[in-house]
Amino acid sequence: MSGILKNLLDRPGGVSLGPYQKVVKAAGALAGSIGALDELPRPAMDDLARFCAVAREAADRSLGLRPYDAQLLGTLALLDGKVAEMATGEGKTLSGAMAAAGYALQGRRVHVMSVNDYLARRDAEWMAPFYAAMGVTVGWVGQSSTHEERREAYAKDVTYGAVSEMGFDVLRDRLRTDPAELIVPAPEVVLVDEADSVLVDEARVPLVMAGASDAGSAVPEMAALVRQLVRGYHYEVDDQARNVYLTPKGADTVENLLSVDLYDENEPGTLIELNLALHAHVLLTRDVDYIVRDGKVQLINASRGRVALLQRWPDGLQAAVEAKEALAPSEKGEILDSITVQGLIRRYPQICGMTGTAVAVSEQLGEFYGLKVAVIPSNRPCVRKDEPDRVYPDVPEKEAALVEEIQAVHATGRPILIGTLDVAESENLARLLRRRDLDPVVLNAKNDAEEASIIARAGERDAITVSTQMAGRGTDIRLGDGVAELGGLYVIGSGRHASSRLDDQLRGRAGRQGDPGGSVFFVSMRDDLVTQFAPDERPPAPDADGVVRHRRGAYVVAHAQRVAEGVNLQIHRNTWRYTRLLEQQRELILEWRDKVLHGDAAARALAEGDPERWASMPEDTREETARQIVLHAIDRCWTEHLAFLTDLREGIHLRALGRMSPIDEFHREAVAEYKAMLEEVERRSLEAFEAPEPDLKRPTATWTYMVQDNPFGTEWDRILKRMGPDSRRRG
């Protein structure tokens with residue numbers, strides 16, 4: 001029986017709400033006495049019912065928002081260290097603020113992490129009167145925040161910020177050489193907004209701090225060469241479009257054009273440049289993976305369809321894309337330090353979060369963070385009508401039907417929100433609609449700064465809004481006059497996403513707080529999702545009107561989506577297996593660095609290493625000099641260690657040829673290299689200490705970018721595919 005009970009409690013969303021409901025009921029009984037007070041008391045956190053009653057009254061008085069019972073349930077789940085699943089429009093922002101205030105009243109510093117700067121600032125400023133009423137201070141950090149503004153924000157009880165911005169602040173602090181310059185306090189509590197997006201979709205994305213080294217470079221001739229190559233003849237692409245490789249004929253053609261031996265082990269540079277150019281040309285598509293704006297290549301976040309600010313690919317690939325677009329190469333850099341989003345979040349002893357779609361990723365939340373999901377019932381029942389997918393044989397038929405549907409619904413005045421999969425698709429659909437004399441508003445990575453204002457108007461009568469990926473998460477879509485009578489907002493997906501959660505999030509833009517609404521997805525048997533993740537499935541024939549109504553059509557689409565989700569989960573698991581050791585080494589090196597930065601560890605080490613030199617130095621400067629010398633050695637050696645591990649991982653799959661475990665071999669070599677690095681720090685520190693003029697120069701410019709995991713597939717895949725044409729050509 002106990003096993004059955006455990007399985008029941010551990011099922012997705014299986015957290016019992018019973019204890020929370022008792023507290024909410026008790027809080028309701030206190031409403032009258034708390035409401036009669038002229039001045040609200042500072043509640044003690046050992047009485048959660050009284051805390052909830054005070055928080056409800058404080059929100060009512062300061063914001064004009066009286067929290068529903070459902071919002072208090074969400075707050076209690078967050079205070080219990082859970083991920084609260086709350087439907088769109090259910091008031092997650094206020095629930096999060098009440099929970100953050102509760103943690104702060106326990107004497108714990110809280111970081112509320114959001115998906116972007118706009119939401120972080122909006123929520124901090126919106127909730128500020130509530131925090132003041134609760135006796136809690138609040139601040140926020142964003143890309144435009146100065147060093148002093150950041151210091152001030154982090155000094156507050158509650159600090160809001162984008163995940164990436166807070167991560168970059170952590171990385172910047174790790175490079176400080178003066179304790180007075182540190183701004184990020186020790187991690188205590190993190191409350192993650194849009195928790196599924198942050199903790200799962202972006203978990204393996206490394207936040208990277210790079211320093212300027214020299215001008216970037218790419219070979220324009222190589223970009224021109226790959227444009228001449230023909231798919232299926234000169235090169236092939238794998239089923240999931242993650243890897244491109246030359247055919248035997250392609251290898252011969254390139255070698256003849258360049259007069260080189262591509263597979264000369266002593267001259268690997270040409271093959272590397274070719275692979276980069278081919279990857280940029282074939283696998284990265286303008287207005288899908290990136291846009292060109294203001295003369296620069298800007299990446300598009302795959303899970304949101306918005307520009308990934310301050311991010312770039314690894315230098316070689318970035319330069320190859322710039323060469324493809326005939327742009328000047330950006331400055332090249334070396335990685336000074338990095339941290340994955342998952343590593344950033346796991347620094348906090350207490351993690352909680354909220355989102356509208358958590359149950360679907362409850363397994364990952366439990367596996368990677370030890371989190372459970374509490375499903376909070378809606379304040380009002382959802383009456384949105386979700387139609388079955390409309391399935392078509394090919395993309396042109398799907399697009400034609402989609403345009404017809406939009407035109408027919410628009411004629412009634414009902415507002416329509418269309419979610420597309422990428423920028424190119426959004427702009428193509430907009431062109432098709434304008435040919436029908438319709439006037440859509442387009443939201444994509446090219447105008448993402450206007451996202452909130454565009455989405456806020458999407459529920460007005462006659463509105464047609466075309467948006468890439470998730471439209472305005474965190475922004476309410478309120479219905480205009482008379483729209484409820486027309487059926488509410490009508491959400492259309494132009495195709496299924498690689499994750500069912502993104503589909504659910506798109507649907508969730510309609511039907512907030514009991515509003516009427518509807519949703520439907522238009523898909524085809526030739527959508528990228530199907531061709532990449534279910535290429536061997538035979539689609540059924542369409543009916544006479546061109547629509548695929550056979551249940552197998554829906555099955556193929558669902559199957560492809562499940563495969564895509566499985567692939568992404570496996571990539572997440574594999575990435576974490578490799579990065580976990582790096583995170584442990586990073587913690588050890590940071591402990592050493594902190595001892596040097598805040599204490600006399602450097603002075604003691606160098607005084608012991610060269611007592612004569614130490615005695616000859618002025619007493620008023622030698623400790624600071626020692627500190628700067630050792631910090632410089634630690635930082636340089638750590639940078640080189642990261643480069644070594646990157647190179648090691650790139651080729652570690654080759655160990656499988658010798659029947660060795662790649663992950664075990666990676667760990668073995670990484671541990672040995674780390675030990676050698678510690679000795680190298682000591683050697684370089686003493687060498688610099690004994691030099692008349694030690695070279696302690698640091699990069700004058702730093703920036704951040706996203707390192708993609710295995711941008712060309714695994715080295716094992718590439719070697720196997722190269723061995724065929726190479727061996728046949730030489731045989």
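Author: This is a predicted model. A place to begin is helix α8, residues 147-154, which lies across β2, β3 and β4. Helix α8 runs at about 140° to β3.

Reader: ok, and what sheet are β2, β3 and β4 part of? What order do the strands come in?
Author: The sheet is open and has seven strands, in the order β3-β4-β2-β5-β12-β1-β13. The pairing is parallel.

Reader: Which strands stand at the edges?
Author: Those are β3 (138-141) and β13 (373-375). Each has a single partner strand, so one side of each is left without a neighbour in the sheet.

Reader: How much twist is there from one strand to the next?
Author: The twist averages 20° from one strand to the next.

Reader: And which strands does helix α6 touch?
Author: Helix α6, residues 92-105, packs on the sheet and touches β2, β4, β5 and β12 (350-355). The direction of α6 makes about 165° with that of β12.

Reader: How many residues of β2 are buried?
Author: Five of its five residues are buried, so β2 is mostly covered.

Reader: Which residues are on which side?
Author: V110, V112 and S114 are on one side of β2, with H111 and M113 on the other. Both faces are covered. In a regular strand, side chains alternate between the two faces of the sheet.

Reader: New topic. How many aromatic pairs are there?
Author: A search of the whole structure finds five. One of them is Y131 with Y160, which is edge-to-face, at 6.3 Å centre to centre and 70° between the planes.

Reader: Where do Y131 and Y160 lie?
Author: Y131 lies in helix α7 (residues 117-133) and Y160 in strand β4 (residues 158-162). The pair therefore ties together parts that are 29 residues apart in sequence.

Reader: Are those two buried or exposed?
Author: Y131 counts as buried because its relative accessibility is 0%. Y160 also counts as buried, at 3%.

Reader: Which residues do ring pairs link into a cluster with Y131?
Author: Ring pairs link F130, Y131 and Y160 into a cluster.

Reader: What about charges over rings, which residues do that?
Author: R347 has its charged end over the ring of Y348, 5.7 Å from the ring centre. The charged end of R613 sits over the ring of F689, also 5.7 Å from the centre.

Reader: Last thing. How many disulfides?
Author: Zero, from a search of the whole structure. A disulfide is a covalent bond between the sulfur atoms of two cysteines.

Methods
Residues numbered from 1 in each chain as written. Predicted model: local features only at pLDDT ≥ 70, side-chain atom pairs only at ≥ 80, totals over all residues. Heavy atoms only, no water. Phe/Tyr/Trp six-rings, centres within 6.5 Å; stacked < 30°, edge-to-face > 60°. Helix = DSSP H or I, 4+ residues; strand = E, 2+ residues; numbered from the N terminus. Buried < 20%, exposed > 50% of the residue type's maximum accessible area, 1.4 Å probe, protein only. Lys NZ or Arg CZ within 6 Å of the ring centre and 35° of its normal. Disulfide = S-S within 2.5 Å. Pairing = 2+ DSSP bridges. Axes fitted to C-alpha atoms, helices over the stretch in contact; angles between N-to-C directions. Contact = heavy atoms within 4.5 Å.
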